[in-house]
Amino acid sequence: MELLKISLLTIFKPSEAFIQLKKNRKNFDIISPLIILVLLILVRVFEIYFTHYPLTQIEPRQTSILREFFKSIIPVLTWIVSCYAITTISEGETLISEQFSSTIYCLIPYIILTIPIVFFSHILSIYDISWFNFLQAIKWLWVVILIIYSTKTLNNFTIGKTILVCILSIIAAILIWLLIGLFYVLTIQVVNFIDELIKEIRLLRIR
């Protein structure tokens, strides 16, 4: 099964995993990354509801499954778009499908480490929160390293250029959200203006 094969390679031989994704560019498998995304959301929900209460970063009543869905998916999709855009103008070799698949596979450490960390949290107290945070940091560090490594491997970049591309991709992602926020604010203002204009026209007709 392709999903299991690439997942294991991502954990133990990441360079081989990303090379395999590049070799299979003509047979793009969208199902496997989507399965991983579903697992990501399920694991995130599990983490929120089952982490030992004194160590939890967010209470279940403060969020919802829908909110966590968007909080999990949107940053990933934003990174895919921004990184693909930057690699394209930097003479990269990655297709958008490869960027999508590689980014999703890079999230596997989050999936496989979160569950044992959650169980481990139940033998910790609030005084051991530094241990809990340390394990969380290792989990995210692994993800970041894989993302950097995938960018380097898929595009045949040097390590220096890879770091630069990743930094520019982060800046691009921030700009994307600033533009979305600006568009949202302007849209609300236009809607309010039209609403007020309609109200004024109705008042004039009444008079």
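**A cavity and a helix pair**

Guide: Keep in mind that this is a predicted model. Look at the largest cavity: helix 3 (31-50) and helix 7 (129-155) each give at least two residues to its lining.

Visitor: Which helix supplies the largest share of that lining?
Guide: Helix 3 does, with 3 residues.

Visitor: How many cavities of 30 Å³ or more are there?
Guide: The count is 1.

Visitor: And how much space lies in the largest cavity?
Guide: About 60 Å³.

Visitor: Which residues line the largest cavity?
Guide: R44, E47, I48, T51, L55, T56, Q57, I58, F132 and Q136.

Visitor: How does that lining divide into nonpolar, polar and charged?
Guide: The lining has 4 nonpolar, 4 polar and 2 charged residues.

Visitor: New topic: helices 2 and 5. At what angle do their axes cross?
Guide: Roughly 155°. Helix 2 covers residues 14-23 and helix 5 covers residues 96-105, and their axes come within 10 Å.

Visitor: What does that make them, roughly parallel or roughly antiparallel?
Guide: Roughly antiparallel, because the angle is over 145 degrees.

Visitor: Is the crossing left-handed or right-handed?
Guide: Helix 2 passes helix 5 in a right-handed crossing.

Visitor: Which residues meet there?
Guide: From helix 2, F18, L21 and K22. They meet E98, S101, S102 and Y105 of helix 5.

Visitor: What classes are those residues in?
Guide: The contact of helix 2 with helix 5 has 3 nonpolar, 2 polar and 2 charged residues.

Note on methods
Residues are numbered from 1 along each chain as its sequence is written. This is a predicted model: local features need pLDDT of at least 70, side-chain atom pairs count only at pLDDT 80 or more; totals for chains, interfaces and linings use all residues. Side-chain values use heavy atoms; hydrogens and water are left out. On a 1 Å grid over the protein atoms alone, a cavity is a set of points where a 1.4 Å probe fits but cannot get out, and a pocket is an open set with protein on both sides within 12 Å along at least five of seven lines; lining residues have an atom within 4 Å of a point. Grid points are joined across faces, edges and corners, and a volume is the space filled by probe spheres set on the points. Helices (H or I, at least four residues) and strands (E, at least two) are DSSP runs, numbered from the N terminus. Ala, Val, Leu, Ile, Met, Phe, Trp, Tyr, Cys and Pro count as nonpolar, Asp, Glu, Lys and Arg as charged, and the others, Gly among them, as polar. Axes are lines fitted to C-alpha atoms, for helices over the stretch in contact, and angles run from 0 to 180 degrees between N-to-C directions. Angles under 35 degrees count as roughly parallel, over 145 as roughly antiparallel, 65 to 115 as roughly perpendicular and the rest as oblique. A crossing is left-handed if the near helix is turned anticlockwise from the far one by less than a right angle, and right-handed if clockwise. Contact means heavy atoms within 4.5 Å.
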